[in-house]
Amino acid sequence: MYRQKYLFLIPGLLTLVAIIVFPLLFTIRVSFSSWDVIQPGLDWIGGENYARLWEDERYWEALLRLAGMAGGTVLVQYVLGFGLALLVWREVLLKRFFRVLFLIPMMTTPVVMSVIWRTIFHESLGPVNDLLQRAGLEALPWISSAGLAFTSVMIVEIWQWTPFMFLLLLAGLLSLPEEPYLAARIDGAGPFRTFFRVTFPRMAAISVGAILIRLIEASKIMETVYVLTSGGPGTATETSSYYIYIRGLRDFQLGYAASLSLIYLIIMIVSLTLIGKGLTRIFVKDQA
Amino acid sequence: MRTLYLALKYLAILLWSSFVVFPFLWALSTSFKTANGVTSGATYLPWVDYEPSLLGWESLFGGAGGINIFGPYLNSVIVTVSASVVSLVLGTLAAYGLSRFRFRAGFVKNGDITFFFISQRILPPIVLAMPFFLMLQTLGLLDTLPGLVIVYIALLLPIAVWVMVDFFNNVPRELDEMAWLDGCNPIQTFLRVILPNSLPGLVVAGMFCLIFGWNDFFFAFTLTFTNTQLLPVAIVSLNSSVTPWWALSAACLVSVAPLLLLAFLAERFLSRGNLAGAVR
């Protein structure tokens, strides 16, 4: 109809294609080369990197660990985020203040907060162990034991990103219509019945969307790990991104790291698509 | 029963609030300590547990044991603001186009183009970092501010498109149609009628751009060395050195302060349900 319509779309589209698509295509080419710090350059070694990746146990362990960490944190974030959204949805003292307060962690720089969290979890000088001991409990190795280091990373992730879940779910709650709640009150339904019969079904689609957005973001976890534990002790908190970072930008095996990152990307896209479809089928089936 | 319910509700709010606030209070307290207040175990209250000093805060401005934070701070402001402005302009234009006009190229339609924009968020930074590194090296932009701005535009543009497409979809089309009847062409319609009515959307989109730009660490870390240091990189490099916790804490607080301020300023735009449609 109007030729002018292209003036709106094209600048943004071209910018994104130029900045992202070409480098990404280049990565595909690099993944078939042996580019490293000794011999930088694009030779052709066929699928050798991919064969090596298949045997690389550390890579697959990092991927499993990431799945556990992402799934675990997002689940906790969803439950907490939904709870918090319900708390400040209706009339509460200082409602607007608490709504902003609950959002604050997601506004702060993850690495900077991780630096602070590292001092909090510090095993001899930090407040967590100090408070545990004052309460008559034992000090715990928050960073130096494998299981607890994993937990520490999760705690920081939950602190940082529950607000995002809260924001999306609160937005959903605020957009719900009033009438079903009036009807429920007339029927004499208690708070639990109202939640499960009225609120939750209407929040299903939003929940699936919010969980997916958070899963996408959580599948990139690495900055918290970098600052808090550097992947350790050993490789106990090493996620996929962090392992690829070590191979690519520290050991400078660019060819191999390119193949690692492409397979990582493909696995992520496939699994997130499947999870999205699955969640939608389970939760949203009743909706018209 | 009702009192019990209310008590539990406020208890929950109080518990979560303390969890949210604790790291900030701890950092605030630590920023006024000296070596004595740190190395003998955890201390909390100034004057009670330790003698407060301004050592940490002085170190931010070139004092001993810290960093001069001014340079990295300015770099962060320049990169974040310019990338956000460019992304917001390009993203708003693209979003308006996608929301109001039909585009077709073969089997690719509006929905697919929107999805292409938003789907860039799925790319993990590490996947992009290596090609970005090589790209900036080729262009001679490694370790420069313009290089980082280019990279940040790629990060922020999808966010701007995501928020603004949803926003424009909720702006009634009658507004456009009335402008057309008055003889405006699409560009005039956009500039004179739609844009002045888009403040809430622009604030939310702009805010998200600023948050994600200001908070990035990974690209700043991998694509710069010593000439161009952004704030998070400066802080993390301080972290790996001797650990002057007081200077570190003061730097952390100064670095997160502007967005906290922004959060309270933009409060009335944020929790209004602007994002509800975007998730569906």
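The structure is a predicted model, in which local features need pLDDT of at least 70, side-chain atom pairs count only at pLDDT 80 or more, and totals for chains, interfaces and linings use all residues. Residues are numbered from 1 along each chain as its sequence is written, while chains are lettered from A and ligands numbered from 1 in the order in which they are written.

The C-alpha trace of chain A extends over about 75 × 75 × 35 Å along its principal axes. Of its 288 residues, 42% are buried; a residue is called buried if 20 or more other C-beta atoms, placed from the backbone, lie within 10 Å of its own, exposed if 12 or fewer, and partly exposed in between. Among contacts in chain A with a separation of 6 or more, 67% link residues 24 or more positions apart, two residues being in contact if their C-beta atoms, placed from the backbone, lie within 7 Å.

Within chain A, helix α1 (residues 5-30) meets helix α12 (residues 254-283), and their axes come within 8 Å and cross at roughly 115°. Axes here are lines fitted to C-alpha atoms, for helices over the stretch in contact, with angles running from 0 to 180 degrees between N-to-C directions. On the α1(A) side, T27(A), I28(A) and V30(A) take part, and they meet L254(A), G255(A), A258(A), S261(A) and L262(A) of α12(A). This contact comprises five nonpolar, three polar and no charged residues, with Ala, Val, Leu, Ile, Met, Phe, Trp, Tyr, Cys and Pro counted as nonpolar, Asp, Glu, Lys and Arg as charged, and the others, Gly among them, as polar.

Chain B contains 15 helices and two strands. Its radius of gyration, taken over C-alpha atoms, is 23 Å, well over the 19 Å that the globule rule (2.2 Å times the number of residues to the power 0.38) gives for 280 residues, so chain B is more spread out than a compact globule. The C-alpha trace of chain B spans about 75 × 70 × 30 Å along its principal axes, and 46% of its residues count as buried. Chain B is divided into domain 1 (2-53) and domain 2 (70-223 + 251-279), with bounds that come from an automatic or database domain assignment. The centres of these two domains, taken over C-alpha atoms, are separated by 36 Å.

The two chains come together in a contact of 75 residues from chain A and 78 residues from chain B. On the side of chain A that touches chain B, the largest share, 15 residues, comes from α1(A). That side of chain A divides into 54 nonpolar, 15 polar and six charged residues.

Two details bring the chains together at the residue level. W16(B), in helix α1 (residues 2-31) of chain B, touches L84(A) and F102(A), not counting residues up to four places away in sequence. W16(B) is partly exposed, with 19 other C-beta atoms within 10 Å. In helix α6 (residues 127-134) of chain A, the buried residues are P127(A), V128(A) and N129(A). Their cover includes α5 (110-120) of chain A together with α1 of chain B. Just after α6(A), G136(A) adopts a positive phi of about 85°.

Conventions
Helix = DSSP H or I, 4+ residues; strand = E, 2+ residues; numbered from the N terminus.
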